[in-house]
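Please consult the sequence and structure shown here alongside the text.

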Amino acid sequence: QLDRRVMDGAAAEMLEKIAARSPQSPHPPVDVFMFPRHCPLPDEGVAFSEWLMPNCDLSNPDDEEVAEVLYDGDRATLTSLLRQGDRLDSFAALPDDAEWCFQLYNGRGHLPVLRNAAHVFAILATSAQCVTAMGGLALPTPDAARTPNAGHRKYMAKDTWFEDCGDGGLYVLGVDDAVLLFYVDGPGDMVMGRWRCSYDRWVALWLGAFGSTMVLP
């Protein structure tokens with residue numbers, strides 16, 4: 001698990017200033033960082049590689065090439081695989097009462113989360129750590145990765161927006177007309193918490209909570 005204490009003092013101070021001016025969650029605090037493990041899910045997870053490549057044959061050079069980059073956060077690879085079959089249909093619609101807010105984390109400070117009373121859909125762990133380099137808290141962009149100078153770890157995040165939660169994390173990925181949210185546990189080869197909404201709603205939810213695509217302290 002990624003501990004909030006790895007956040008440097010300047011980032012933590014800036015984040016608390018942003019949190020003080022932002023909506024606070026009325027729901028129970030987040031006590032465990034990796035969000036699929038502290039709230040009920042629409043599924044308990046399936047094998048990520050089997051879900052995206054059910055007929056993978058590693059003796060086939062094409063399959064081998066795709067398998068080698070499956071966990072790199074390569075946009076073209078993920079988008080191509082997600083469009084196949086009925087995989088997009090496996091994403092549940094983001095509930096109407098989902099909202100962005102700041103949530104107390106382990107009694108030490110706040111983190112931005114997208115949630116309702118029943119589920120946590122996203123925790124912006126990496127975004128929180130990058131506030132000083134970015135100049136504020138940025139709206140996750142489904143069609144682009146963070147700017148290279150954000151200071152984030154590139155683990156599983158080649159050219160996608162990824163919120164690193166330790167040994168895995170959350171992808172925010174635009175595919176066709178949808179924004180997809182899904183958590184991938186790299187070492188465990190699992191995908192969990194699959195949700196989707198429209199681009200317009202994705203932006204509207206953020207602006208409704210924070211008022212700007214870049215939230216300043």
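The points below are grouped by topic.

The model is predicted, so local features need pLDDT of at least 70 and side-chain atom pairs count only at pLDDT 80 or more, whereas totals for chains, interfaces and linings use all residues. Residues are numbered from 1 along each chain as its sequence is written, and side-chain values use heavy atoms, with hydrogens and water left out.

**Salt bridges**

- Side chains of opposite charge can pair when their charged atoms come close.
- A salt bridge is defined here as a side-chain nitrogen of Lys or Arg within 4 Å of a carboxyl oxygen of Asp or Glu, and the count by this rule is 4.
- One of them joins Glu13 to Lys17, with 3.8 Å between the closest N and O atoms.
- Both Glu13 and Lys17 belong to helix α1 (residues 9–20), where they sit 4 residues apart, about one turn of the helix; helices (H or I, at least four residues) and strands (E, at least two) are DSSP runs, numbered from the N terminus.
- Glu13 is partly exposed at a relative accessible area of 49%, and Lys17 is partly exposed at 45%; the classes are buried under 20% relative accessible area, exposed over 50%, and partly exposed in between (1.4 Å probe, protein chains only).
- Another salt bridge pairs Asp176 with Arg83, their closest N and O atoms being 2.9 Å apart.
- This pair links distant parts of the chain, 93 residues apart: Asp176 lies in the loop between β8 (168–175) and β9 (178–185), and Arg83 in the loop between α4 (75–82) and β2 (92–93).
- Asp176 is partly exposed, with 47% relative accessibility, and Arg83 is partly exposed, with 46%.
- Arg146 and Glu163 also form a salt bridge, in which the closest N and O atoms are 2.7 Å apart.
- Here too the pair links distant parts of the chain, 17 residues apart, with Arg146 in the loop between β6 (137–138) and β7 (161–164) and Glu163 in strand β7.
- Arg146 and Glu163 are both buried.

**Cysteines**

- A disulfide is a covalent bond between the sulfur atoms of two cysteines.
- With the cut-off for a pair of cysteine sulfur atoms set at within 2.5 Å, a search of the whole structure finds 0 disulfides.
- Cys130 is buried at 3% relative accessibility, and Cys197 is buried at 10%.

- The buried residues in α4 are Arg75, Thr77, Leu78, Thr79, Leu81 and Leu82.
- These buried residues pack against α2 (48–52), α3 (61–68), β7, β8 and β9, where contact means heavy atoms within 4.5 Å.

**Further polar residues**

- Glu16 is placed in helix α1 and is partly exposed, with 28% relative accessibility.
- The C-alpha atoms of Glu16 and Ala128 are 10.0 Å apart, although 112 residues separate them along the chain.
- Arg194, in strand β10 (residues 190–198), is buried at a relative accessible area of 7%.
- The side chains of Arg194 and Ser90 are joined by a polar contact of 3.0 Å; such a contact is a pair of N or O atoms within 3.5 Å, where within protein one must be able to donate a hydrogen and the other to accept it, and residues adjacent in sequence count only if both atoms are side-chain atoms.
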